[in-house]
Amino acid sequence: MQQVRGVIARAKGEPVSIETITIPDPGPGEAVVDIATCGVCHTDLHYREGGINDDFPFLLGHEAAGVVEAVGEGVTEVAPGDFVVLNWRAVCGECRACTRGEPWYCFATRNATQKMTLEDGTELTPALGIGAFADKTLVAAGQCTKVDPAARAAAVGLLGCGVMAGIGAALNTGNVRRGQSVAVIGCGGVGAAAVAGARLAGAAKVIAVDLDPQKLLWATGLGATHTVDSREQDAVEAIRELTDGFGADVVIDAVGRPETWKQAFYARDLAGTVVLVGVPTPDMTVPDLPLIDVFGRGGSLKSSWYGDCLPSRDFPMLVDLYQQGRLDLDAFVTEEITLEEVDAAFEKMQHGGVLRSVVVL
Ligand SMILES: NC(=O)c1ccc[n+]([C@@H]2O[C@H](COP(=O)([O-])OP(=O)(O)OC[C@H]3O[C@@H](n4cnc5c(N)ncnc54)[C@H](O)[C@@H]3O)[C@@H](O)[C@H]2O)c1
Ligand SMILES: [Zn+2]
Ligand SMILES: [Zn+2]
């Protein structure tokens, strides 16, 4: 085993701290990864705020790239020295979803079996089974997806969560097709990626909605054809106006609040699709809607876990598009920071000004 630094959330709403953590040597099916970079995702903040569950202390961080340092017995998919992006969907191959050929819904995804601990032996809960605001982390080998080592770690590591979730919300869950209209509500890291995904899919109209003008500027750079500042305009009316009065074919809620989901519901064309990719907190409920509207408007109301991605299929493909200049992952990296600056990055995330802060180790 070895000791390294990690960013720990000890109690609900408390500032995080940097502590010494103990990483066991990899056991069967496990790998230790030397982390190069890890993006700050809103889900890390949800963990710190107690919005995911109460299994404190958490080892935060889960949007990471790094190099495999060691693997345990029986690991064949990766070897020491491989450059990998970490994923939180190491599919089991055996559950109901996997056996019916839909592994992106896998109900029994794998994580490391052994626990990382604080110096006093307290077991840590790694965020999304990863815990990568740390010099090194222990994961299931299937959580390591090999990608082109020539790619910039700070950029491609973001595929490990938010950027993949956003792109996949458009490509996989929303099934956006050429010529369609798409609206994205909330254009932080996830929503901006949904905008980029809609562009990749060939959407004709991509409408970005946010309360923060800077986010709208970035979304425009990533492919939004229209923007709506929802502090100044009613989002539903504005999206309808921009789509000949009908609403968009696909509306993606990348905020995850009852009010934004309701906007998505009514800003969508008849028979259109709503994709919920923002993560609500446990206290939130479905907004009050006439059931006749749910019925009468038709279409589908979907949620998107991790953009319904299959890391082994999607990460290398998206890294290729990045390397070819067709997907600007660099645009998501607003700043590179140190482990000490994670709390400050949460502040910035809440008050605008960043798409992604990325910890570089
Ligand atoms: N489904 C998944 O697999 C998955 C993966 C990663 C993150 N997420 C979730 O996606 C959400 C967004 O994550 P992020 O990292 O992009 O967060 P972020 O904080 O970077 O972005 C949120 C954006 O929403 C905007 N916003 C907030 N309230 C709004 C409103 N009422 N109307 C319009 N815009 C509004 C903010 O200005 C900000 O630009 C979070 O809930 C996060 O937990 C989901
Ligand atoms: Zn499975
Ligand atoms: Zn995340």
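Leaving aside residues up to four places away in sequence, Leu86 touches Val33, Ala64, Ile130, Ala132, Val139, Gln143, Cys144 and Gly160. The model is a predicted one, and every value below is computed from it.

**Leu86 and its surroundings**
- Leu86 has 31 other C-beta atoms within 10 Å and is therefore buried, given that 20 or more are needed for that class.
- One of the residues touched by Leu86 is Ile130; the two lie 44 residues apart along the chain, yet their C-alpha atoms are separated by 7.5 Å.

**Packing of H4 and H5**
- Two packed helices are described by the angle between their axes and by the distance between those axes.
- For helix H4 (residues 162–173) and helix H5 (residues 189–201), the angle is about 40 degrees and the axes are 7 Å apart.
- H4 and H5 are therefore oblique to each other, and H4 passes H5 in a right-handed crossing.
- On the H4 side the contact is made by Gly162, Val163, Ala165, Gly166, Ile167, Ala169, Ala170 and Leu171, while the residues contributed by H5 include Gly189, Val190, Gly191, Ala192, Ala193 and Ala194.
- Sorted by class, the contact of H4 with H5 holds 14 nonpolar and five polar residues, with no charged residues.

**Shell around ligand 1**
- There are 31 residues around ligand 1, and of these His42, Ala165, Gly186, Gly188 and Val190 come nearest.
- Ala165 and Val190, listed among those nearest residues, also take part in the contact between H4 and H5.
- Helix H1 (42–48), H4, H5 and strand S12 (205–210) each supply at least two residues of this shell.
- By class, the shell around ligand 1 divides into 15 nonpolar, 13 polar and three charged residues.

**Helix H8 and its cover**
- In helix H8, which spans residues 258–266, the residues Thr260, Trp261, Gln263, Ala264 and Phe265 are buried.
- The cover over these buried residues of H8 includes strand S11 (181–185), helix H7 (235–242), strand S14 (248–253) and strand S15 (268–276).

**Backbone features to check**
- Most residues other than glycine have a negative phi, and most peptide bonds are trans.
- Phe56 and Pro57 are joined by a cis peptide bond with omega of about -5 degrees, and Pro57 is found in the loop between H1 and strand S4 (58–59).
- Asn175, in the loop between H4 and S11, has a positive phi of about 50 degrees although it is not a glycine, and with 16 other C-beta atoms within 10 Å Asn175 is partly exposed.
- Tyr306, also not a glycine, has a positive phi of about 60 degrees and is found in the loop between strand S16 (300–303) and helix H10 (311–323); with 24 other C-beta atoms within 10 Å, Tyr306 is buried.

**Thr220 in helix H6**
- Thr220 lies in helix H6 (residues 213–221) and counts as partly exposed because it has 17 C-beta neighbours inside 10 Å.

Technical notes. Residues are numbered from 1 along each chain as its sequence is written. Chains are lettered from A and ligands numbered from 1 in the order in which they are written. This is a predicted model: local features need pLDDT of at least 70, side-chain atom pairs count only at pLDDT 80 or more; totals for chains, interfaces and linings use all residues. Axes are lines fitted to C-alpha atoms, for helices over the stretch in contact, and angles run from 0 to 180 degrees between N-to-C directions. Helices (H or I, at least four residues) and strands (E, at least two) are DSSP runs, numbered from the N terminus. Angles under 35 degrees count as roughly parallel, over 145 as roughly antiparallel, 65 to 115 as roughly perpendicular and the rest as oblique. A crossing is left-handed if the near helix is turned anticlockwise from the far one by less than a right angle, and right-handed if clockwise. Two residues are in contact if their C-beta atoms, placed from the backbone, lie within 7 Å. Ala, Val, Leu, Ile, Met, Phe, Trp, Tyr, Cys and Pro count as nonpolar, Asp, Glu, Lys and Arg as charged, and the others, Gly among them, as polar. A residue is near a molecule or strand if its C-beta atom, placed from the backbone, lies within 6 Å of it. A residue is buried if 20 or more other C-beta atoms lie within 10 Å of its own, exposed if 12 or fewer, and partly exposed in between; C-beta atoms are placed from the backbone.
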